[in-house]
Amino acid sequence: MNLKQEVGYKAAEEVKDGQILGFGTGSTTKYFIDKVGMRVKEEGIEVMAIPTSYQSVLLAQEWNIPLTTLDEHSIDLAVDGADEIDPQLNLIKGGGAAHTMEKIVDYSADELIIIAHDSKYVDQLGAFPVPVEVIPKAKTIVSNTLKDLGASPKLRMAVNKDGPVITDNGNFIIDAKFDEILSPVDLEIELNTIPGVVENGIFTEMVDKVLLGTEDGVKELKP
């Protein structure tokens, strides 16, 4: 069992019968969804899920996990991954271009558990660029404003498609590389004041617990 699978399965053990779950997006969260699906099939637990992307929608459907929405239910537990985690449990997310819906779902949950490989744990956020989802017509002004803030912005381009990455919301992603992020809380707010920005990938003051996969087993971190 690899470390991503180990933490994904560990988080799935915390799911209780009858809960409404927030399904994050990414390679680690996939294992969580798979294990929840196994528990539904083998143990008969009944849960419903609110997905954060088409990826998590399709995975839930493969396991016959019923889907719902925030208009219909509140979330008991959300489980998500991260690209970076600092000692205060602030995050950078958005490597999968789903951070806008992830932030909505994660913020709405009564409990948020982040699952990740221990390589994601860092002393200070900033080695990973901050993904910024932008309305396409605003990409130039947002890029220029990011430069004024000291970032090196780069429009994220698709791999198996010509042109830029298009989010599930129909927008672009600008990856903003900062030399250092001294105050994630302040930067999260400042980025979201730029006209044309939908949401950015800094997540602060939201996490209840982190499960890190290490060579010595799963390590639990709390604020």
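This is a predicted model: local features need pLDDT of at least 70, side-chain atom pairs count only at pLDDT 80 or more; totals for chains, interfaces and linings use all residues.
User: Let's start with strands. What is the order of the open sheet of three strands?

Analyst: The order is β4-β5-β11, with antiparallel pairing. Strands here are DSSP runs of E with at least two residues, helices are runs of H or I with at least four, and both are numbered from the N terminus. Two strands pair if DSSP finds at least two bridges between them.

User: Which strands stand at the edges?

Analyst: β4 (84–85) and β11 (202–203) do. Each has a single partner strand, so one side of each is left without a neighbour in the sheet.

User: How many bridges join β4 to β5?

Analyst: Two bridges, with β5 covering residues 91–92 and the strands running antiparallel. I85 has L91 in β5 as its bridge partner.

User: And what holds strands of a sheet together in general?

Analyst: Strands of a sheet pair through backbone hydrogen bonds, either parallel or antiparallel.

User: Moving to β9: is it mostly covered or mostly uncovered?

Analyst: Mostly covered: six of the seven residues in β9 (residues 172–178) are buried. Buried means under 20% relative accessible area, exposed means over 50%, and partly exposed is in between, using a 1.4 Å probe and protein chains only.

User: Which strands are joined to β9 by bridges?

Analyst: β7 (residues 130–134) is joined to β9 by five bridges and runs antiparallel to it. Five bridges also join β8 (residues 151–155) to β9, again antiparallel. To place a couple of residues, P131 stands opposite D175 in β9, and A151 has F178 in β9 as its bridge partner.

User: Now pockets. What volume does the largest pocket have?

Analyst: About 260 Å³. On a 1 Å grid over the protein atoms alone, a pocket is an open set of points where a 1.4 Å probe fits, with protein on both sides within 12 Å along at least five of seven lines; lining residues have an atom within 4 Å of a point. Grid points are joined across faces, edges and corners, and the volume is the space filled by probe spheres set on the points.

User: What about the second largest pocket, and which residues lie nearest its centre?

Analyst: The second largest pocket holds about 150 Å³ of space. It is lined by 15 residues, with T52, S53, M101, D168 and N169 nearest the centre. β2 (48–51) and α4 (99–108) are the elements that give two or more residues to this lining, and α4 has the largest share, three residues. The classes are six nonpolar, seven polar and two charged.

User: Switching to rings: which residues form the aromatic pair?

Analyst: The structure holds one aromatic pair. F23 and F32 form it, edge-to-face, at 5.8 Å centre to centre with 90 degrees between the planes. Rings of Phe, Tyr and Trp (its six-membered ring) pair if their centres lie within 6.5 Å; planes under 30 degrees apart are stacked, over 60 edge-to-face and the rest tilted.

User: Are F23 and F32 buried or exposed?

Analyst: Both F23 and F32 are buried.

User: Last topic: where is N64, and what is its phi?

Analyst: N64 is in the loop between α3 (54–62) and β3 (77–80). Its phi is near 60 degrees, a positive value in a residue other than glycine. N64 is exposed, with a relative accessible area of 64%.

User: And where does E205 lie?

Analyst: E205 lies in the loop between β11 and β12 (209–214). Phi of E205 is positive too, about 55 degrees, although it is not a glycine. At 70% relative accessibility, E205 counts as exposed.

Methods
Residues are numbered from 1 along each chain as its sequence is written. Side-chain values use heavy atoms; hydrogens and water are left out. Ala, Val, Leu, Ile, Met, Phe, Trp, Tyr, Cys and Pro count as nonpolar, Asp, Glu, Lys and Arg as charged, and the others, Gly among them, as polar.
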